[in-house]
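Dear colleague,

I am passing on the model we spoke about, with my notes on what I found in it below. Please read them with the structure open beside you.

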Amino acid sequence: MKAFEATNRYIRQASQIMGLGSRVESLLLSPEAEHNVTVPVELDNGELAVFTGYRIQHNSARGPMKGGLRYHPTVDADDVRALASLMTWKTAVVNIPYGGAKGGISCDPKNLSQGELERVTRKFIQRISEAIGPQRDIPAPDVNTNAQVMAWIMDEYSRLHGFAPGVVTGKPLELHGSEGREAATGRGVIYITEEYLKDTGRTLADVSVAVQGFGNVGSFAARFAHEGGARIVALSDASGAIRCAKGLDIPTLLNYGRTRTPLSTYQAEGVEHISQEELLTTEVDVLIPAALGGVFTAEVAEEVRAGVIVEGANAPTEPEADEVFARRGIPVIPDILANAGGVTVSYFEWAQNIQCLRWTEDEVNSRLKHIMTSSYATIRNLVKSRNVSWRTAAFIVGLGRVAKATVLRGI
Ligand code: NAD
């Protein structure tokens, strides 16, 4: 099933349970605007390359639209549309004053020099600069984009429209970024994991964890789980997966993550190299997918042996797999709750930018913890009171808030 249809299926399911009605439901299914642009760039060798870039703005009922920018060869309109929709529900679930959007460029940054990457980014921003802005649509990092890319975006937008640090979040600290932003998504994933474990009478020190993906989200999730006392038994990146029943040496491996050294080159006693699928089906208390979407198909879901899945990645679970997990009694804490820490601290960064203020890291982290734990409690109470899955409960909360705002503003 295509990604956007999968997201809309979740929306329809929740809308039916809520009795939202077809009028409002139809407004929530389609994006408000889609910007599809060519990005021509001169390569270092003098040749011309033309990439395709997208910025899809799903919903602005609750505020300016917000969502990351992904640079990856698999980026296409359907994928970005689905991710934009998820941002609408995510910002509503954690109740921050934003709508949802997402963007991306279909390219492989591994094949681009730093100069080429900068030119691609600047050209893309020139092409969408009228569509974004601090009160309109605010990009952020996602797969293969980082603080440096955000700095180029801020500079290019400011050249066209005047100084505007609030146009993008995830910027470097030296350029109006926020303390705590880089670690925020992984930190939030672990706050949610801890809350779930607390409900089942455990702490991180009692559990084993496997993490798929060792970039921004996966590496910080692994780090904070390890610091909380968890045993990280399996990890992977695009190059391969590793497993060690005793627990992996996370401080050493974090250096691999930081330097983007492939995990496939890691050798240590007791560590075996396994396939991505073996990682996903390793027997473990907590499984954290933190790479790309669609990794849990129905077939893989039948083989998963995890106590709980906490979705660090966006859309890692196909709807058919969701049904398998429900039948097998494996709870899935959905992306729109579990990985909302990133957009929450992006909101803090934007709030600091527009007020010309700076918060300390402790201030950022304690506000983040408050939002993540209170959002978790809201969803958990709904799971119990309505006897629905975690994903359905999260969609009910998100849809309810967006629908209310839509009706209040007037259709
Ligand atoms: P990233 O580019 O920093 O890291 C991606 C990681 O996934 C890398 O380690 C890469 O090697 C690995 N990977 C790629 N293909 C893989 C494969 N087939 N199998 C295993 N590993 C693979 O990206 P990120 O920012 O960490 O994003 C990861 C996921 O989290 C994405 O789904 C993204 O949408 C989601 N997310 C990110 C943020 C954020 O703040 N960065 C916020 C919310 C959600």
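Predicted model: local features only at pLDDT ≥ 70, side-chain atom pairs only at ≥ 80, totals over all residues.

Domain 1 and domain 2 bury about 830 Å² between them, and 66% of that area lies on carbon and sulfur atoms; buried area here is the accessible area, taken with a 1.4 Å probe, that two parts lose on being put together, summed over both. Leu-86, Lys-90 and Val-93 supply 45% of the area that domain 1 buries against domain 2, more than any other three residues.

Residues are numbered from 1 along each chain as its sequence is written, and side-chain values use heavy atoms, with hydrogens and water left out.

**The two domains**

The protein chain is divided into domain 1 (3–7 + 32–163) and domain 2 (184–338), with bounds that come from an automatic or database domain assignment. Taken over C-alpha atoms, the centres of domain 1 and domain 2 are separated by 27 Å. Twelve residues from domain 1 and eight residues from domain 2 take part in the contact, where contact means heavy atoms within 4.5 Å.

Between domain 1 and domain 2 there are zero salt bridges, a salt bridge being a side-chain nitrogen of Lys or Arg within 4 Å of a carboxyl oxygen of Asp or Glu. The count of residue pairs in polar contact between domain 1 and domain 2 is one, with both residues at pLDDT 80 or more; a polar contact is a pair of N or O atoms within 3.5 Å, of which, within protein, one must be able to donate a hydrogen and the other to accept it, and residues adjacent in sequence count only if both atoms are side-chain atoms. On the side of domain 1 that touches domain 2, helix α3 (residues 77–93) gives the most, with five residues; helices (H or I, at least four residues) and strands (E, at least two) are DSSP runs, numbered from the N terminus.

**Two buried residues**

Asp-137 lies in strand β5 (residues 137–141) and is buried, with a relative accessible area of 0%; buried means under 20% relative accessible area, exposed over 50%, and partly exposed in between, with a 1.4 Å probe and protein chains only. The side chain of Asp-137 makes a polar contact of 2.9 Å with the side chain of Gln-57. Leaving aside neighbours within four places in sequence, the residues in contact with Asp-137 include Arg-55, Met-65, Lys-66 and Val-167.

Val-304, found in the loop between α10 (298–303) and β11 (306–310), is likewise buried, with a relative accessible area of 0%. The C-alpha atoms of Val-304 and Leu-280 are separated by 6.3 Å, although these residues are 24 residues apart along the chain. Beyond its neighbours within four places in sequence, Val-304 is in contact with several residues, among them Leu-280, Phe-296, Phe-325 and Ile-330.

**Salt bridges**

A search of the whole structure finds 23 salt bridges. One of them joins Lys-102 and Asp-142, whose closest N and O atoms are 3.1 Å apart; the pair links distant parts of the chain, with Lys-102 in strand β4 (residues 99–106) and Asp-142 in the loop between β5 and α5 (147–161), 40 residues apart. Both Lys-102 and Asp-142 are buried.

The side chains of Glu-311 and Arg-391 also meet in a salt bridge (2.8 Å, N to O). Glu-311 lies in the loop between β11 and α11 (319–328) and Arg-391 in helix α15 (residues 390–409), so the pair ties together parts that are 80 residues apart in sequence. Both Glu-311 and Arg-391 are buried.

The side chains of Glu-5 and Arg-12 form a salt bridge (3.4 Å, N to O), with Glu-5 partly exposed at 34% relative accessibility and Arg-12 partly exposed at 34%. Glu-118, Arg-122, Asp-155, Glu-156 and Arg-159 are linked in a network of salt bridges.

**Backbone angles**

Most residues other than glycine have a negative phi. His-176, however, has a positive phi near 70°; this residue is placed in the loop between α5 and α6 (184–199). Arg-260 has a positive phi of about 55° and lies in the loop between α8 (250–258) and β9 (272–274), where Arg-260 is exposed, with a relative accessible area of 63%.

With best wishes
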